[in-house]
Amino acid sequence: MARFTGLRPAMPVICLALLLSACETTGPAPEPTPTVPVPQTPAEPPPRVVTPRLAAAADALTRMAALQERLYRIAAPLLINNADLCKSSTRNLLGFTARNRYWYPGEYNEAANIAFDMGERLQVTGVLAGSGAARAGLRRGDNLISASGKALPVGPNASSTVGAVFGPLVASHASLALQIERDDKTRELTIPVTRACGFVIELGNADNVNSYADGQRVMVTRGMLQFAKNDDEVAYLLAKGMAHNILGHAASQRSTGTIGSIIDNLTNVRPDTSMLIGSGGIKAMPPELDAAADQLSMYLLVRASVGIDSAPAFWKRLAATYPATVLNSYVANHPGTSARLAAIDKATADIRAKQVAKKTVAP
């Protein structure tokens, strides 16, 4: 018979445990010792690891946002004060832009969360000065919850689908009931729609010194913003682009698609700069069309209370610094400098005469 000796030493321990248990159950039970509850503190989330690469991406987004905000601020009076000159391009606008973190690709998605605390909800990224949104108190950084009782989209497709909610509301209402989140509190705002030129103002993430207009948008590149000495010079560029759009020059030159693809590309955080090699496929603007846009731009500027006396000097400096031989520069796309300057002088004389006669400043 086999003997299982390995189990025997454990027997006294088991018996002792049973005995001790039995002993504890005999006799009067001791008074229970009161226990003081220990407050439970929630576990701290693990600290975010911000790598140098992620920090650099967040810094890049911050700098881009500052440039875009500057463009939006300068563009505001041009868009609002010239609504009656924009003809078929005049729209009812909400007067703000919004994005969420998914608008930014790759590592910039996380960088947007670091730089702007941007998450799943759409966040206000710009408010048009003088618009109904600005007067109602909407601020950059506000998170959007609902509009006129309709929940606004969140998540990866929010930026591309929110127009389906806003569009019908803006078209049929004089104001919009907007629910927002600010400082972790929900607020209700009433946003009057703003009648303005419906052109989108974009920052071009490239160092070439240029500006583009495709009929619906006006873009000024980072390089051009660095070249411009002040806000008035930026306004000259924006007004000129608006004038090209009002006059339909991209369509008449059959360059809407080409210019539009360049604008689409340069709105990216990391654009494909190979598209900027040579002329980028853009045909040079004929002098007579360019002159017509310059002439109209002078009226747009004066109506937006922008001084125009320095405009000729700006365009001369641009042509001298980046002449038409510098490919993919503004002058390469708009080489008729002499015709443009003559148009500016003519428009300026007409504007001064109308101001003296206290007439409406319009072409």
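**Close-up views of a predicted model**

View 1. At least two lining residues of the largest pocket come from each of α2 (52–81), β1 (90–93), β2 (96–99), β3 (123–127), α6 (163–172) and β9 (200–204). The biggest share is from α2, which puts in 7 residues. Helices (H or I, at least four residues) and strands (E, at least two) are DSSP runs, numbered from the N terminus. Keep in mind that this is a predicted model: local features need pLDDT of at least 70, side-chain atom pairs count only at pLDDT 80 or more, and totals for chains, interfaces and linings use all residues. Residues are numbered from 1 along each chain as its sequence is written, and side-chain values use heavy atoms, with hydrogens and water left out.

**View 2. Inside the largest pocket.** The space here comes to about 1200 Å³. Out of 40 lining residues, Y72, F96, T97, A98 and V200 sit closest to the centre. A pocket is an open set of points on a 1 Å grid over the protein atoms alone, where a 1.4 Å probe fits, with protein on both sides within 12 Å along at least five of seven lines; lining residues have an atom within 4 Å of a point. Grid points are joined across faces, edges and corners, and the volume is the space filled by probe spheres set on them. What is the lining made of, nonpolar, polar or charged residues? It splits into 23 nonpolar, 13 polar and 4 charged. Ala, Val, Leu, Ile, Met, Phe, Trp, Tyr, Cys and Pro count as nonpolar, Asp, Glu, Lys and Arg as charged, and the others, Gly among them, as polar.

**View 3. The disulfide of C86 and C197.** The structure has 1 disulfide (a pair of cysteine sulfur atoms within 2.5 Å). In this pair, C86 and C197, the sulfur atoms are 1.8 Å apart. C86 is in the loop between α2 and β1 while C197 is in strand β8 (residues 194–197), so the bond ties together parts 111 residues apart in sequence. The torsion about the S-S bond of C86 and C197 is about 85°, so this disulfide is right-handed. Are the two cysteines buried or exposed? C86 is buried at 1% relative accessible area, and C197 is buried too, at 0%. (Buried means under 20% relative accessible area, exposed over 50%, partly exposed in between, with a 1.4 Å probe and protein chains only.)

**View 4. E288 on helix α11.** E288 is part of helix α11 (residues 287–303), and with 54% relative accessibility it counts as exposed. E288 and A343 are 55 residues apart in sequence, with their C-alpha atoms 9.4 Å apart in space.
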